[in-house]
Amino acid sequence: MQNLEWSKLPFGYVKTNYNVRCVWKNGKWGEIEVSDSEYINIHIASTALHYGQEAFEGMKAYRGKDGKVRLFRWEENCKRLKLYGSG
């Protein structure tokens, strides 16, 4: 590796010459692949591509032992949706 100034690395994408990939399938890891491509294949229905579904997944309700329903961090979810949503 070159002499990197670790404290000055940016947050975000930094292009490298190669990356390592390994696929988890049928309960086990596949062969390790070294690639120089910056692209990956991803299924069109991946929830990571559908923000509405990801936002929904962030809002969960739980019933406590006392029978009351509680929302986990609902205020933060509302702020996030307001920030990134249309309204």
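Tyr18, Val20, Ile32 and Val34 make a nonpolar surface patch of about 480 Å². Patch members have over 30% relative accessible area and no salt bridge; nonpolar side chains (Val, Leu, Ile, Met, Phe, Trp, Tyr) are joined within 5 Å, and like charges within 9 Å. Accessible areas come from the Shrake-Rupley method with a 1.4 Å probe, and for residues only the protein chains shown count as cover. This is a predicted model: local features need pLDDT of at least 70, side-chain atom pairs count only at pLDDT 80 or more, and totals for chains, interfaces and linings use all residues. Residues are numbered from 1 along each chain as its sequence is written, and side-chain values use heavy atoms, with hydrogens and water left out.

**Overall build**

- The protein has two helices and six strands. Both kinds of element are DSSP runs, numbered from the N terminus: helices are H or I with at least four residues, and strands are E with at least two.
- From the N terminus on, the order is β-β-β-β-α-β-β-α.
- Of the 87 residues in the protein, 5% are buried. Buried means under 20% relative accessible area, exposed means over 50%, and partly exposed lies in between (1.4 Å probe, protein chains only).

**Residues to find**

- Valine 20, a member of the patch, sits in strand β1 (residues 19–21). Its relative accessible area is 61%, so valine 20 is exposed.
- Cysteine 22 lies in the loop between β1 and β2. Its relative accessibility is 30%, so cysteine 22 counts as partly exposed.
- Cysteine 22 and isoleucine 32 are 10 residues apart along the chain, and 4.9 Å separates their C-alpha atoms.
- Asparagine 26 is in the loop between β2 (24–25) and β3 (28–29). Its phi is near 55°, a positive value in a residue other than glycine. Asparagine 26 counts as exposed because its relative accessibility is 72%.

**The largest pocket**

- The largest pocket holds about 170 Å³ of space. A pocket is found on a 1 Å grid over the protein atoms alone, as an open set of points with protein on both sides within 12 Å along at least five of seven lines; a cavity is a set where a 1.4 Å probe fits but cannot get out. Grid points are joined across faces, edges and corners, and the volume is the space filled by probe spheres set on the points.
- Its lining is Arg21, Cys22, Val23, Glu31, Glu33, Ile40, Asn41 and Ile42. A lining residue has an atom within 4 Å of a point.
- The lining divides into four nonpolar residues, one polar and three charged. Ala, Val, Leu, Ile, Met, Phe, Trp, Tyr, Cys and Pro count as nonpolar; Asp, Glu, Lys and Arg count as charged; the others, Gly among them, are polar.

**Salt bridges**

- Side chains of opposite charge can pair when their charged atoms come close.
- A salt bridge puts a side-chain nitrogen of Lys or Arg within 4 Å of a carboxyl oxygen of Asp or Glu. The count comes to three.
- Lysine 8 pairs with glutamate 5, with the closest N and O atoms 3.3 Å apart. Both residues are exposed.
- Glutamate 38 pairs with lysine 15, at 3.4 Å between the closest N and O atoms. This pair links distant parts of the chain, 23 residues apart: glutamate 38 is in the loop between β4 (33–35) and α1 (51–58), and lysine 15 is in the segment before β1. Glutamate 38 counts as partly exposed, at 43% relative accessibility.
- Aspartate 66 pairs with arginine 70, with the closest N and O atoms 2.8 Å apart. Aspartate 66 is partly exposed at 49% relative accessible area, and arginine 70 is partly exposed at 41%.
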